[in-house]
Amino acid sequence: MSTLLTCKGLVKSYDKVHALDGLDLTIQPGRIVGLLGPNGSGKSTLMKLANGLLTPTAGEVLIDGIVPGQETHSLVSYLPDRPSLPQWMTIDQLQDFFADFFPDFDRARCREMLDKLELPSHRKLKDLSKGSREKVQLVLTMSRQARLYLLDEPMGGVDPAARDFILETILKNYDPEATVVIATHLIADVEKVLDEVIFLDRGKAALHTSVDDLRAETGKSVDALFREVFQC
Amino acid sequence: MLTKLMKYEFKATARVMVPLCILSVALALVTQITLWELVGKAPGRSPSLLKLLLLIATAVAMGAVLAATVVLMIQRFRSNLLGDEGHLMFSLPVSSHQHIWTKLLVAVFWILATLFILFESTVILGYNGTLWTAFPQIQEFLVSHFSSSSDLNFSPGVFLAFLFTAIFVGAGELCLEIYAALALGHSFHKHKTLLSVVFFLVIQVLYHLTGGITPFLADLAFFLFPPTNIHILDLGVSIVSGLLWAAVLYVITHYTLKHRLNLE
């Protein structure tokens, strides 16, 4: 089976600190993968490298065999860990923006999700609450029919009720051939949807296994094992 | 994709620039009408406080248009490409070339529009009923002055074409100086703003050090086109040297965005 995301000896350093330290990783299509790790373990850095927003210090990251860039941006739907949408635009204008640049943007799907979340399309983003803005960003990201979704802390700022909706959204909308990588601290919330987990520790993959195998081998939930491995 | 990027760039900038431009021209008009009415009807009277305030407001609006043009040029490149919005912009299936050209063309458009608005507002403010009769005199002055040292091939039309091209290239050059400095400064881990300022100063120093190329180009132009008008020659040389310098800055900006992008 071909790999969708490949990291070979991937290193990213800031000054003398290694955010990623020789990471080797392959992710197959059709999986929902949890990228888990404590603060500073390199989760966001990996997401940004995979999207071409940072350049590796050494090694390489490939999306479907291609170095991240203009070509891979058509394959990847990326949700950053911060608000990146222009605040002066209305939700309607943002839909136009996504439809203009991404041929795989599904406007009907987007409208349906916005309606369910009761997000008013005519409102400017800057007039919405922080949580609502995050929901808009997630809805736009998940409204694409991409091959790889990179979601960096998709539920960080939303209420617990909305988290269930977001997980439903992810499950409902993603193509079985697509892969979703979710970087998060909220392991208990996402555990039920994950096929695989990757534990990142100080820039290296400390563990990469399927959730079923992990439960069978350790008899623990992902959340319990995470707390054990990364106990302070 | 370039046209789509430009569409959104125009929308983002026009929401600031258009109201300011309208305000500047409208204030100039209102001030002119009130002052003209006052002076026309009672030449001996001095303008009231309200009318002086209108005059000041017009000057402030004109200053605001100028300031907004510069601030927007910097802010759009910095926050839209190198700030948080860069996470979205550099996730679009477009090239770095297209990002740079979008910012450059829209910024140059607003610089030229600002120059026009300032000229227009000044003309409106200074209008005293004799402006239109002065145009033939202005034309006569231009022809006599600029053809005084010419030998051949001069016409005011050619001169104006060279002049506008030189202004266009100069505006692009200024934008690229700022873009290159910002791109270089933001490729570092820390002190991005400070480093951007430092790089801008370094670019200025290099620009003046390499200014020596201009006399060389002038000599070359004289050699190649000896009978050309001296003013056109000067403008031509400044256009060519400006284009060369802009090309260097463009390469620096593009290389940095493509190979040293650092959206931490």
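In the predicted model described here, A:Leu79 stands opposite A:Leu151 of strand E6 of chain A. Helices (H or I, at least four residues) and strands (E, at least two) are DSSP runs, numbered from the N terminus. Local features rest on pLDDT of at least 70 and side-chain atom pairs on pLDDT 80 or more, whereas totals for chains, interfaces and linings use all residues. Residues are numbered from 1 along each chain as its sequence is written, with chains lettered from A and ligands numbered from 1 in the order in which they are written.

Strand E5 (residues 76-79) of chain A is joined to E6 (residues 148-152) of chain A by 4 bridges, and the two run parallel; strands are taken to pair if DSSP finds at least two bridges between them. In a regular strand the side chains alternate between the two faces of the sheet. Both faces of E5(A) are covered, with A:Val76 and A:Tyr78 buried on one side and A:Ser77 and A:Leu79 buried on the other. A residue is buried if 20 or more other C-beta atoms, placed from the backbone, lie within 10 Å of its own, exposed if 12 or fewer, and partly exposed in between.

Two residues of chain A other than glycine have positive phi values. Phi of A:Asp64 is near 50 degrees, and this residue is located in the loop between strand E4 (58-63) and E5 of chain A. A:Asp64 has 16 other C-beta atoms within 10 Å and is therefore partly exposed. For A:Glu118, phi is near 55 degrees; the residue belongs to the loop between helix H3 (107-116) and helix H4 (130-142) of chain A. A:Glu118 counts as exposed because it has 8 C-beta neighbours inside 10 Å.

Chain B is divided into domain 1 (1-129) and domain 2 (130-264) by the domain assignment; such bounds come from an automatic or database source. Between these domains, the contact takes 22 residues from domain 1 and 18 residues from domain 2, where contact requires C-beta atoms, placed from the backbone, within 7 Å. On the domain 1 side, helices H2 (49-81), H3 (86-89) and H4 (96-126) of chain B each supply at least two residues. The largest share of that side, 11 residues, is from H4(B). Its composition is 13 nonpolar, 7 polar and 2 charged residues, with Ala, Val, Leu, Ile, Met, Phe, Trp, Tyr, Cys and Pro counted as nonpolar, Asp, Glu, Lys and Arg as charged, and the others, Gly among them, as polar.

The largest nonpolar core comprises 109 residues, and those with the most contacts inside it include A:Leu35, A:Leu148, B:Cys175 and B:Tyr179. A nonpolar core is a set of buried Ala, Val, Leu, Ile, Met, Phe, Trp, Tyr and Cys residues joined through C-beta atoms within 7 Å. Helix H6 (residues 156-185) of chain B gives the largest share of this core, 11 residues. Both domains of chain B contribute to the core, so it lies between them. Apart from neighbours within four places in sequence, B:Cys175 is in contact with B:Met73, B:Leu104, B:Ala107 and B:Val108.

Between the chains, 20 residues of chain B are in contact with 22 residues of chain A. H1 and H3 of chain B are the elements that give two or more residues to the chain B side, and H1(B) gives the most, with 4 residues. The chain B side divides into 9 nonpolar, 6 polar and 5 charged residues.

Terms used. Two residues are in contact if their C-beta atoms, placed from the backbone, lie within 7 Å.
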